Amino acid sequence: MKLKTLAMTLGVAATLCAPLQLSLAADEAADSMKPTAAEKAFMKKAADGGMTEVEMGQVAAEKGGSDAVKDFGNQMVKDHGKINDNLKELAGKMNVTLPASVSAKHKAMIEKMSGMSGAAFDNAYVPAMVK
């Protein structure tokens, strides 16, 4: 069941990343575009979420009880780290300032999860990644 949940989580993560990848394909046009308020807000929210995924992935790789959770955490760091870099590049071209660190809400979640380890961590991490 855990592997099924992890597989589903990976699918959701890939689906959520697709719009960002499509927007990055059009980065040539970004040089001449002025982002709307909604686009700026989306980019800032995506940056916060992406940084959170990286930090949570690092915690999972360290504190996870199963190899599947540790591997998933490492994959999240790799995938979201790359997407975050692409988003930073696009934001720079569009003159959008992204947050430098995760929001207080996400920081609290990371700190809470950092206090767990093993099976307790796995049982909290997997559902949190599906949300």
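**Aromatic pairs in a predicted model**

In this predicted model, helix 3 (residues 37-63) has the highest mean pLDDT among the elements of the protein chain, 97, whereas helix 1 (residues 2-25) has the lowest, 53. The protein chain averages a pLDDT of 85, and 76% of the residues score at least 70.

Student: How many aromatic pairs does a search of the whole structure find?

Tutor: The search finds two aromatic pairs.

Student: Why is the pair of Phe72 and Tyr125 called edge-to-face?

Tutor: The ring centres of Phe72 and Tyr125 lie 6.1 Å apart, with 65° between the planes; a pair requires centres within 6.5 Å, and planes over 60 degrees apart count as edge-to-face, so this pair is edge-to-face.

Student: What does the pair of Phe72 and Tyr125 tie together?

Tutor: Phe72 belongs to helix 4 (residues 67-93) and Tyr125 to helix 6 (residues 118-130), so the pair ties together parts that are 53 residues apart in sequence.

Student: Why is the pair of Phe121 and Tyr125 called stacked?

Tutor: The planes of Phe121 and Tyr125 stand at 20° and their ring centres are 5.2 Å apart; because planes under 30 degrees apart count as stacked, this pair is stacked. Phe121 and Tyr125 are four residues apart in helix 6, which means a separation of about one helical turn.

Student: How do you know whether Phe72, Phe121 and Tyr125 are buried or exposed?

Tutor: Buried means under 20% relative accessible area; Phe72 has 4% and is therefore buried, Tyr125 is buried at 0%, and Phe121 is buried at 0%. Phe72, Phe121 and Tyr125 form one aromatic cluster.

Definitions and conventions. Residues are numbered from 1 along each chain as its sequence is written. This is a predicted model: local features need pLDDT of at least 70, side-chain atom pairs count only at pLDDT 80 or more; totals for chains, interfaces and linings use all residues. Side-chain values use heavy atoms; hydrogens and water are left out. pLDDT is the predictor's confidence in each residue, from 0 to 100. Helices (H or I, at least four residues) and strands (E, at least two) are DSSP runs, numbered from the N terminus. Rings of Phe, Tyr and Trp (its six-membered ring) pair if their centres lie within 6.5 Å; planes under 30 degrees apart count as stacked, over 60 as edge-to-face and the rest as tilted. Buried means under 20% relative accessible area, exposed over 50%, partly exposed in between (1.4 Å probe, protein chains only).
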